[in-house]
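Hello,

Here is the structure you are taking over. Please have it open while you read the notes below.

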Amino acid sequence: MGLEAFHHSEPLTLGVELELQLINTHDYDLAPYAEDMLRLMHKTPLPGSVVPEMTNSMIEISTGICHSSSEVLGQLSQIRDALVKSADKLNIAVAGGGTHPFQMWHERRIYDKPRFRELSELYGYLSKQFTIFGQHVHIGCPDADAALLMLHRMSRYIPHFIALSASSPYVQGQDTAFDSARLNSVFAFPLSGRAPCVLTWREFEQYFDKMTRTGVVKSMKDFYWDIRPKPEFGTIEIRVFDTPLTIERAAALAGFVQSLGAWFLAAQPFTPEEDDYLVYTYNRFQACRFGLDAVYVDPATGAHMPLREHLLQTLDTIADHGAAHGAAGALHLLRSEAALGQNDARWLRERQREEQLLGEVSRLAARRFRGLN
């Protein structure tokens, strides 16, 4: 099967997916209630969609096509409110965060769906370890070649995305010393990492054909890249974000992506090249491990600088482009928290220091998702 043609989409439109935790209200461990939640949610007309994920203590929500981060927030608010109402009926809670702080992966059960069963058979225990929670942001591109250019330009900002969204410091009851431990589970998959550095759709089709001939992949879904093209939507999909603890932060991150995209299209600031990727894995590790306190190596100059400093410079550069697309508020939220070194990983650690019990941290995270603290 060949690669699907790249469909038309309106440039810079947004779509957001959030993978969310379903937790019980006794000890705040994960709860296998995905099927019950889906049954209740399907009774309520909502924008976007609500679907199952790999294991039955997860659920994925997504917006429809949005033109601004405020529209993203409006749609996520409707879906969040319906989720909370459904969860209350089942006496469970819903939370953000890239990992659940103390769940044990071996206790998870694969959701009963053919693709999930296939993945479980192929990947063994990795599929249960994939009980991790990410935000994916789609951005519309003018055409197929422009999508690849957008993808490789966005790759320079992968560390910024990771540090701003990091919300997975705890795994199986332990502080990992990472701000985003979630991505370590993604890296275990053989087709994770970054897309090949080709800048025309024709070259990408040739790459895809070679990969399908090897029998290793059948479709674009088999690539777990940090950013991948989604030809059926006419978008690229950025996949490195941890699910934030609030929908406000999720919408702000989408606004950041849109503002970067607007700058790329208007200014054509640089042409990506293979050598950009010499420091890619190092930068990504730094952001996962240290969050906003990471070191960033500029792919163009090789200069080392604090990631937070490069992020604040970037926010200055794209401010006018963001304002033109209604993202000024989103960028202000991210700027003010970045300046303080504040992300969700820090919030979770602060709650743990105050409360000691990780169950209490999960309870407070569920309240935060509801908009209560």
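Why does Gln352 count as partly exposed? Gln352 has 21% relative accessibility, so it falls in that class; buried means under 20% relative accessible area, exposed over 50%, and partly exposed in between (1.4 Å probe, protein chains only).

This is a predicted model, in which local features need pLDDT of at least 70 and side-chain atom pairs count only at pLDDT 80 or more, while totals for chains, interfaces and linings use all residues. Residues are numbered from 1 along each chain as its sequence is written, and side-chain values use heavy atoms, with hydrogens and water left out.

Gln352 lies in helix H13 (residues 344-355). Helices (H or I, at least four residues) and strands (E, at least two) are DSSP runs, numbered from the N terminus. Apart from neighbours within four places in sequence, Gln352 is in contact (heavy atoms within 4.5 Å) with Tyr170, Leu358 and Val361. Asp175 is 177 residues from Gln352 in sequence, yet their C-alpha atoms are 9.9 Å apart.

Helix H2 covers residues 69-89. Its 21 residues should span 30 Å at 1.5 Å a residue, and the end C-alpha atoms are 30 Å apart, so the two agree; the expected span is 1.5 Å times one less than the number of residues. Among the buried residues of H2 are Val72, Leu76, Ile79 and Leu83. After H2 comes Asn91, with a positive phi near 55 degrees.

In strand S4 (residues 92-95), Ile92 and Val94 point one way, Ala93 and Ala95 the other, and all are buried. S4 pairs with strand S1 (residues 14-24) in the antiparallel sense over 4 bridges; pairing requires at least two bridges found by DSSP. Ile92 in S4 is the bridge partner of Asn24.

Regards
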